[in-house]
Amino acid sequence: MPPTHARSLWRSVRAHGFTITALARHAARIHGDRLGLVVDGWSSTFRQLWRSAEGVAAVLYLGPLERRPRPVVLACRGPAMQVALLAAARLGLDVMPVSPRSLDDYARAVPRDALLIHDGDAPDWHPGPAVSAEQVMEWSSSDGSGLARTRHRARIVLPSETAAGTITRHVQGAMGLQGLRQLAGLHDRLGLEGTDVVLVCAPPHRGQGLQMLGMALLTGATLVSAAHTSPADRIRIIRDRFVSVLSASPRQLQGILDELDRSGEEPPRLRRIMVAGEDIGADLVRRLHATWGPIVLAAYGTVQTGTVAVATPEVLSAHPDTAGRRLPGSDFGIVGHSGRGDAHGLLWVRGAHATVITEDQARIDDGRLTIVGTLSRPDTAD
């Protein structure tokens, strides 16, 4: 990172803490007029994105929030999700992004006094204030430049469902000091540049979607969100937007490969493919390498810890079933097994500010993590 960029990031961290707000402010200052975010045909530069977030934050503070700090729950699609997330973080409020399809399922996890930003009609079961996504986008043109600093430090909270059906809320580990170390480590493995255009198939209510948003803000890469599109549309976006880096889950990549086989099209050119969200599987790695060459990286993490392991193309070529090696500031091991030797059993992981015993069975060989049996429910809502 050039010295001017490092000074800008430090200024933002001093004002806003180790949060996504600091990354957004840094991106607006350093990468201002570069195209930053594209969602469903809506586009914004980094500077415009910051101004939109401040404008929405000012209206929310004076209007629906009534100058009171309260959690903000986001259950919407399109650019309103990202703008409202940054607006809530700018106010230093806890923010919970969830899939609109899963909102009723996660009703028990939504605080009663939370401000709900939603698509469609507000649910009858929520007693707190609610505003629509359309209103948020209207407010994005407001002037929020007079907002003062906040003493609060925003936390991003993600709900999840265990294999037993229990719904819990987790503070997302994508931010914080350790979170920034993870982003830096992920950047080193991925090699993301400011000139890259990144297609992200995970919405912001997924851990990898949030992490890639933070990565784009940190590096100045353009983020194109395609969370609710078909494989054919994703292939078209890759071609039309000159996408160089693709971030997707294994089933999303499977859909893209199947569509290429069905249509007979030549695969679009890509520089890197980042796979996260589920176990990738050796067969899919071989199929991806046969289509694009050894450009695939696999990432493993949890909602609470963020990404803790990454497998580079070189590692995947030799061990296509692995989830990779530790990221800086992260760790993993087998429950009941001391030391870092080879082991097999229930996996624990450490990253950001949390240590978690997962619901995954894993094997560790020579420092490489391999998931051999997953008990958790993958999030297939979007």
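**Exercise 1.** Which residues in α9 are buried?

*Solution.* Some ground rules to begin with. This is a predicted model, where local features need pLDDT of at least 70, side-chain atom pairs count only at pLDDT 80 or more, and totals for chains, interfaces and linings use all residues. Residues are numbered from 1 along each chain as its sequence is written, and side-chain values use heavy atoms, leaving out hydrogens and water.

Step one: buried means under 20% relative accessible area, with exposed over 50% and partly exposed in between (1.4 Å probe, protein chains only). Step two: go along α9 and you pick up Pro250, Gln252, Leu253, Gly255, Ile256, Leu257, Glu259 and Leu260. Step three: these buried residues pack against α8 (231-240), β11 (245-248), β12 (272-275) and α10 (282-292), where contact means heavy atoms within 4.5 Å.

**Exercise 2.** Work out what span α9 should have, and check it.

*Solution.* Helices are DSSP runs (H or I, at least four residues), as are strands (E, at least two), numbered from the N terminus. The expected span is 1.5 Å times one less than the number of residues. Helix α9 (residues 250-263) has 14 residues, so it should span 20 Å; its end C-alpha atoms are 20 Å apart, which agrees.

**Exercise 3.** How many of the residues of α4 are buried?

*Solution.* Helix α4 covers residues 79-90, and twelve of its twelve residues are buried. Among them are Pro79, Met81 and Arg90. Just past α4, Gly92 has a positive phi of about 75°.
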